Structures are given as structure tokens and as C-alpha cells.
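Please look over the fold shown here.

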Amino acid sequence: MRVYLVQHGEAESMDVDPQRPLTDHGRRVTQRMAEMAAKLDLGVGEIRHSGKTRAQQTAGLFARALSLMGEVNESPNLGPTDDVKPVAQDIQSQGQSVMLVGHLPFMSHMAGYLVNQNPDDSPVEFHNSGILCLERGQDGWQVLWHLTPD
């Protein structure tokens with residue numbers, strides 16, 4: 001089983017738009033990353049997002065590229081400062097690969113918790129629109145690859 005952690009694309013500042021939608025640049029970069037993900041044939045069964053506009057838009061771009069429009073769901077536990085443990089327990093009990101689209105510090109904490117059993121010890125530095133692929137093996141979760149827009 002794999003989990004894909006995606007930090008939302010570049011968003012407008014709170015001063016420009018309190019809803020913080022993706023910028024034009026953020027949409028273009030996220031679209032490019034989603035198209036690259038589609039070429040990798042990830043085998044994602046579901047995409048979950050935090051419900052915040054920037055995460056929802058990012059999830060939508062990935063869903064279209066991965067042909068998963070009916071499998072995109074808002075998850076109440078993916079907010080920037082939410083506890084990662086309930087989400088980690090939930091994804092570990094599933095049999096299908098899942099993509100989580102959210103925010104920092106949540107994504108960083110989730111990676112640290114799964115890989116190093118320490119939310120403050122992330123194995124990677126996250127970037128807007130970047131994808132971290134983790135795979136669960138016999139010895140726990142490990143980083144398979146990390147794709148950034150740079």
C-alpha cells in the first residue's frame with residue numbers, strides 16, 4: 001500500500017483573497033505535477049483534501065489528471081495543525097493507496113510520524129504541489145520517491 005502526500009499549490013495571500021485560492025502560477029504548476037503523476041500510473045484509489053479552497057482545487061487538478069473525479073473527498077482531519085495520528089491509523093487500516101492533499105505543517109508531521117514515528121522528524125522538505133510517495137512494508141513506512149516542481 002502507498003500513500004501520496006501532496007502539499008497544496010501556491011495560493012493567494014490572505015490580503016488578496018481570504019479564501020486563499022490557487023494563484024495562476026499555482027494552478028499551472030499543480031497541473032504540470034498532476035500530469036506527471038498520471039504518467040507514473042500511481043494506482044490511487046481515493047484523493048482526500050482538507051476542504052480549504054487551495055487544497056480542494058489542488059485535489060481537483062490531480063483527480064482530473066488521474067481520472068478519479070468520483071473519488072475525491074473532503075476529510076475533516078487534514079487541517080494545517082490537526083493531529084496526524086487519527087489519519088495515520090485510518091490509512092493504515094485501508095487496503096487501497098490514497099492521496100492526501102493538505103497543508104504544512106500537517107504534511108510534514110504526517111511524513112515524520114509514518115516514517116520515523118516522530119511527527120517532528122520529517123524525512124523530506126515539502127514544496128507547493130510536490131508529491132511524496134510512501135510505501136508500507138514489513139518494517140513500516142519508507143520513502144519511495146519525492147517529486148517537486150523544481
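What covers the buried residues of H2? The cover includes strand E1 (2-7), helix H1 (24-39), strand E2 (44-49), strand E3 (72-74), strand E4 (97-102) and strand E5 (131-137). Contact here means heavy atoms within 4.5 Å. Helices (H or I, at least four residues) and strands (E, at least two) are DSSP runs, numbered from the N terminus.

This is a predicted model, in which local features need pLDDT of at least 70, side-chain atom pairs count only at pLDDT 80 or more, and totals for chains, interfaces and linings use all residues. Residues are numbered from 1 along each chain as its sequence is written, and side-chain values use heavy atoms, with hydrogens and water left out.

**Helix H2**

Helix H2 spans residues 53-65, which is 13 residues. From first C-alpha to last it reaches 19 Å, close to the 18 Å expected at 1.5 Å a residue. That expected span is 1.5 Å times one less than the number of residues. The buried residues of H2 are Arg54, Ala55, Thr58, Ala59, Gly60, Leu61, Phe62 and Ala63. Buried means under 20% relative accessible area, exposed over 50%, and partly exposed in between (1.4 Å probe, protein chains only). Just after H2, serine 67 has a positive phi of about 55 degrees.

H2 lies across E1, E2, E3, E4 and E5, and runs at about 160 degrees to E2. Axes are lines fitted to C-alpha atoms, for helices over the stretch in contact; angles run from 0 to 180 degrees between N-to-C directions. With H1, H2 packs at about 35 degrees, and the two axes are 8 Å apart. On the H1 side, Arg27, Thr30, Gln31, Met33, Ala34, Glu35, Ala37 and Ala38 take part. They meet Thr58, Leu61, Phe62 and Ala65 of H2. By class, this contact of H1 with H2 has 7 nonpolar, 3 polar and 2 charged residues. Ala, Val, Leu, Ile, Met, Phe, Trp, Tyr, Cys and Pro count as nonpolar, Asp, Glu, Lys and Arg as charged, and the others, Gly among them, as polar.

**The sheet**

The open sheet has 6 strands in the order E3-E2-E4-E1-E5-E6, with mixed pairing. E3 and strand E6 (140-147) are at the edges with a single partner strand each, so one side of each has no neighbour in the sheet. Neighbouring strands are turned by 25 degrees against each other on average, direction ignored. Two strands pair if DSSP finds at least two bridges between them.

E4 pairs in the parallel sense with E1 over 5 bridges. E2 also runs parallel to E4, again joined by 5 bridges. Some bridge partners in E4 are listed here.

| Residue | Bridge partner in E4 |
|---|---|
| Tyrosine 4 | Methionine 99 |
| Glutamine 7 | Glycine 102 |
| Isoleucine 47 | Methionine 99 |

E4 is mostly covered, with 6 of its 6 residues buried. Ser97, Met99 and Val101 are buried on one side. Val98, Leu100 and Gly102 are buried on the other.

**Proline 80**

Proline 80 sits in the loop between E3 and helix H3 (85-92). Leaving aside neighbours within four places in sequence, proline 80 is in contact with Lys52, His103, Leu104, Pro105 and Phe106. Its C-alpha atom is separated by 8.5 Å from that of serine 50, 30 residues apart along the chain.
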